[in-house]
Amino acid sequence: MPVQVIDGTPENLLPSHLQKVDLKYLQMGCDQANKYFQGTVILSYPLTKLVNGTEFFKIVLQENSCSKTSTINVLFFGRLAGDCGKVVHQGDTMVVAGFNVAKSPSANEDNRHCCHLEVSEDAGSAVYIYAKPSIVTASETPVAPKYTYTPLNHLKGGTIVNLYGAVKFFKPPYISKGTDYCSVVTIVDQSNVKLTCTLFNGNLDALPKIYKIGDIVRFHRIKIREYNNQMQGITGIGFASLTFDGTVGAPIVPRTSSKSYSFTEEEQKTIEELRTWAASNLLVCEPTAKLSGVQPMLFFDLTCQLVGKAEVDGSSFLLKVWDGTKCPYPSWKVLVEESDLEGDKVLICRLRNLIVDILVYDNHVKLAKSLKVGSFLRIYSLHTKQASAENQPNVSYVEFHLHGGTCYGRGIRVLPENNPDVKELKAFMDSVNLTEFQNVESMSSMELDGIFSNLSRKILTDHQHLDDTALNTILNSSVPQQYRIRAKLRTFKPEKLYQSVKLYCSKCNSLQEVPNDDDFDLILRDCAATAPNPEVHNSLWYDSAVWDTENQGQRKIAVHFVKHDELLQEPEDTLIMVQGATLKEIRKLSRRFKCIIPVRSTKEDLELLDLSAPFLLQGKIWHYGCKQCSNQKTIQNLSSLAEEEPSWEPTEIAQVLGIEPLQYVFVMKFTLDDGTGALDAYLFDYEKFFQIPASEVLTSSLLQEKMEMIMNILCPPGTKLDDLPWLECFIKSYNVKDGMEQQVCYQIYDTVVAEDVI
DNA sequence: TTAGGATTCG
């Protein structure tokens, strides 16, 4: 008898040769002949027939374990389907033996086991059903609780009913002023009567998981009462809900936190009918948009991923999000202390041109704080506001606000990873070519204008808690001290901004000019005069290749490829040592190889060139070492860095080579004036102030233009002192000994040009 | 208890 209904518990009643299999060990291709699976029936679908006339029946079994995927679909075919379909109840314990295991086509959607079980007489299956004690098993017909659903035009105050409806409006769950989460949901059905329900629960998961207008909900045991001459639904004891995607034709997979729930064929029909009705009767004008489609002055719903978050103040909180597309307008950047920003800094930097900053206010702050970086969100009724800079009203940028309150469903909802919109978003994000957006050089000049227009407001400091001090007070005060000041930038030096870039040695505090290309070219030519020594070619840690040059006499170029354990070595990860090449050839090589170390050969070994030349070239960045502080070691030491995946950090390379690296810095003199007095303050900065790395300015005309624009805004040429913009910055005073004399100097510190230059 | 739909201070 392939189907047996047994009263009681499974133990000791099964044939002794059968062994129990756990879902976590279940996989395709294993012999299941002597295995059985036991689980509780949590869902059964209506008995139906396949196209070929075979009877078909599907249930979901839940394993009584705490493993993550604890449910599995079980498909019955033929006579077994008919037999089981007639006697199975929700809550029954079922044992299936002699099944086939196949890949579940719906695993992605239903989150159940990646395989399903196929049960049929042909496969030699046997099914044992241990009826739930509370159900009288003598009965031949299934006993499932029968729910009746009240149409929305038949509601009476003071009753508790079951309802179906299409969501016409909703507020995603928010933290109420009481003890619970609250969600307000307005539903409508074919009677065209709508009902607004106010739902409370201390557990966020117990509230309906509505993601968009048009979703279908089923409410069980909702209390109906009258409020303001209208019917109102409210949560009562035993309230439960299921939510379904409202799209016609989409899989009917209930979203619920209930472990078990009833679901019948009739109800499936109800949902399909409601979907069809809603499609033509519910105005679903979704205000969703991608960032690429945002318009200023708009409210819309944004589906995005959270990449960073930071507290701004008690009533506002910053969310950094992206959706894979680029906002067509310059957007604001909210300045926060870097230490306050939670999220992967490297990722935030990589995505910087795709990320938008959203400020959420008041009641949304608490929820925003609890969000996990990396999660997918839908932010409802997000407001884009157009703003423009004070002195350039024709150039505007966009601010993103989630205002306080819950009007129009304003709020934030975390979307699960299996949500179809999230899946689509992830796939899109994976396809985005990030390099296209990483480079500031990919920005149009209009965008740059827009971004820099923000700068006109002021220079911002990291220390907002200090009060401003007048310059004459500073001039008459003891040294050293730190101040916040408000002043105008009367003049600055050097006027040619590229001249502000210097090389600095943090060990001996020396500053030097950046050597020019011609000097380097001369050194290279000098080296190329001596042919590479073949005896030092190919060693344990590098492979060598030599090329002859055409029409250039005897000059040979040797390239030594440093080996590492990676099987496939990409040029962009490779360090090469080059000998005999000209500057032009080195530039060409540096477009392809991650790191280049110019070398020459002695009788015994390869060695570095004179430190007037860069010791390392990484793309456009040339790294120099301090002649005074370096204590050069043999080039053999490089082999210690050639691991499996060497990162080729310039600092590490410098260290093993005994080189004290020089840093690129901006050195400028600002003459500041606040009406009470004037003083010269030095700016000494690597990249923080302008948000431009000093190391890249000399080789990028765009970055030079960018700097020029910033300075033009801080100190517009030909402007009278009165008309100059006010700047806020931090300065500190200190003493410098000049021979026998003490001199007081001022330096700008911890100051950043607002607001987005990144 | 909370909220009871109905945009924008930032």
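First, the ground rules. This is a predicted model, in which local features need pLDDT of at least 70, side-chain atom pairs count only at pLDDT 80 or more, and totals for chains, interfaces and linings use all residues. Residues are numbered from 1 along each chain as its sequence is written, chains are lettered from A and ligands numbered from 1 in the order in which they are written, and side-chain values use heavy atoms, leaving out hydrogens and water.

Start with DNA strand B. It is surrounded by 32 residues, where a residue counts as near if one of its heavy atoms lies within 4 Å of the strand. The closest are Lys171, Asp180, Ser381, His383 and Lys385. By class, that surface has 11 nonpolar, 12 polar and 9 charged residues (Ala, Val, Leu, Ile, Met, Phe, Trp, Tyr, Cys and Pro count as nonpolar, Asp, Glu, Lys and Arg as charged, and the others, Gly among them, as polar).

A polar side-chain atom of His403 sits 2.9 Å from a base nitrogen of DNA strand B, and one of Thr186 lies 3.2 Å from a base nitrogen. Tyr174 has a side-chain N or O atom 3.2 Å from a sugar or linking oxygen of the DNA strand.

Which elements give two or more residues to this surface? They are strands S11 (159-170), S13 (181-188), S14 (194-201), S15 (216-227), S16 (230-244) and S20 (376-388), strands being DSSP runs of E with at least two residues, numbered from the N terminus. S14 gives the most, with 4 residues.

Some of these strands also pair, meaning that DSSP finds at least two bridges between them. S11 runs antiparallel to S15 over 7 bridges and to S13 over 4. Ala166 has a bridge partner in each: Ile216 in S15 and Val188 in S13.

Finally, the backbone. Most residues other than glycine have a negative phi, and most peptide bonds are trans. The Val479 to Pro480 bond is cis, with omega near 0 degrees, and Lys493 to Pro494 is also cis, at about -5 degrees. Asp362 has a positive phi near 50 degrees, and Asn538 one of about 55 degrees.

Conventions:
Polar contact = N/O pair within 3.5 Å; in protein donor to acceptor, adjacent residues only side chain to side chain.
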